[in-house]
Amino acid sequence: MTQLGKIFNKTPYLVRDIDNTYKDIVYVENIINTLVSKYKINVENIVNVFSNNRDNLLHFHIVIKTNMPKENLSLKYENEDIEFTFEEYKESKTKTKYINSFMFIETFKHLNENSLVTVFDDIIGCDGKKLFISVAKENLKLFQPSSKHYYYRNILLLKKDVVCDIANSFNIDTEELYVDLHPNVIKHVCKDLNLTYKKLSFELGYKPDTINKAASTGKVSDQLSKAIELYLENLRLKEELKDFDVIKQTLQNVMV
């Protein structure tokens, strides 16, 4: 069973036959909107929506809390005949008790946000209430340019509006995630790069006292923050250049 996104806030849409062609989530939302409008179904009572595209007839199975239609319903939408069957909601039959990170991943896929798909698949979790980094903090290398975590952090910061918009639609909190993405930057840069405060001050061109104070208080000026970003980006570019030189040398050896 594959969760594809959302219908009506937190109501999940699931596809039974993943190997068959299924409708885009927007198309499905329009269909369900048409259904509830025509038959005056209260959308708040819809728990889950399933589709089965095995046959020529597009079929939806809806789990509903109360006022369940006594018989199957059908409608025509964009020249397609669509059939709806219903099931009374029971706690034991709940297919998705809360929103998980997989639902974010599938939503990002539909938005073509492929970089976020990778990030969420690798390090982001969701417990139904909030997003969090699922990798143990001691294993995180958010400020090591050669680490994928450095790339992931940049993506999450760059795409913050997208992440927060989708999280809000699912009623999921993002505060903890973005707090963890902004730790004490001096301490974490030194930890990830195995530097002393004195060595970092030399690399950045700052006085050691300034770096020590920033590390102890956690307060980093915009100017110092920018200097750290440029320093890390410079390290990243050096790593890329080193990789390029290795590839270049390998090709030269092959051609000799």
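Visitor: Let me pick a single residue to begin. Where does Asn45 lie?

Guide: Asn45 lies in the loop between helix H1 (25-39) and strand S3 (46-52). Helices (H or I, at least four residues) and strands (E, at least two) are DSSP runs, numbered from the N terminus. This is a predicted model, where local features need pLDDT of at least 70 and side-chain atom pairs count only at pLDDT 80 or more, while totals for chains, interfaces and linings use all residues. Residues are numbered from 1 along each chain as its sequence is written, and side-chain values use heavy atoms, with hydrogens and water left out.

Back to Asn45. Its relative accessibility is 12%, so Asn45 counts as buried. Buried means under 20% relative accessible area, exposed over 50%, and partly exposed in between, with a 1.4 Å probe and protein chains only. Leaving aside residues up to four places away in sequence, Asn45 touches Val63, Ile64, Lys65, Thr66 and Asn67. Contact here means heavy atoms within 4.5 Å.

Two of those partners, Val63 and Ile64, carry numbers that fall within strand S4 (residues 58-64), where His61 lies. His61 is buried as well, at a relative accessible area of 15%. Its side chain has a polar contact of 2.8 Å with the side chain of Thr85. Another polar contact, of 2.9 Å, links the side chains of His61 and Glu87. A polar contact is a pair of N or O atoms within 3.5 Å; within protein, one must be able to donate a hydrogen and the other to accept it, and residues adjacent in sequence count only if both atoms are side-chain atoms.

Lys141 sits in the loop between strand S8 (131-133) and helix H4 (148-158). At 26% relative accessibility, Lys141 counts as partly exposed. Not counting residues up to four places away in sequence, Lys141 touches Ser147, His149, Tyr150, Lys191 and Asp192. Lys141 and His188 are 47 residues apart along the chain, yet 8.3 Å separates their C-alpha atoms.

Lys141 is a loop residue, but Lys141 is partly exposed.
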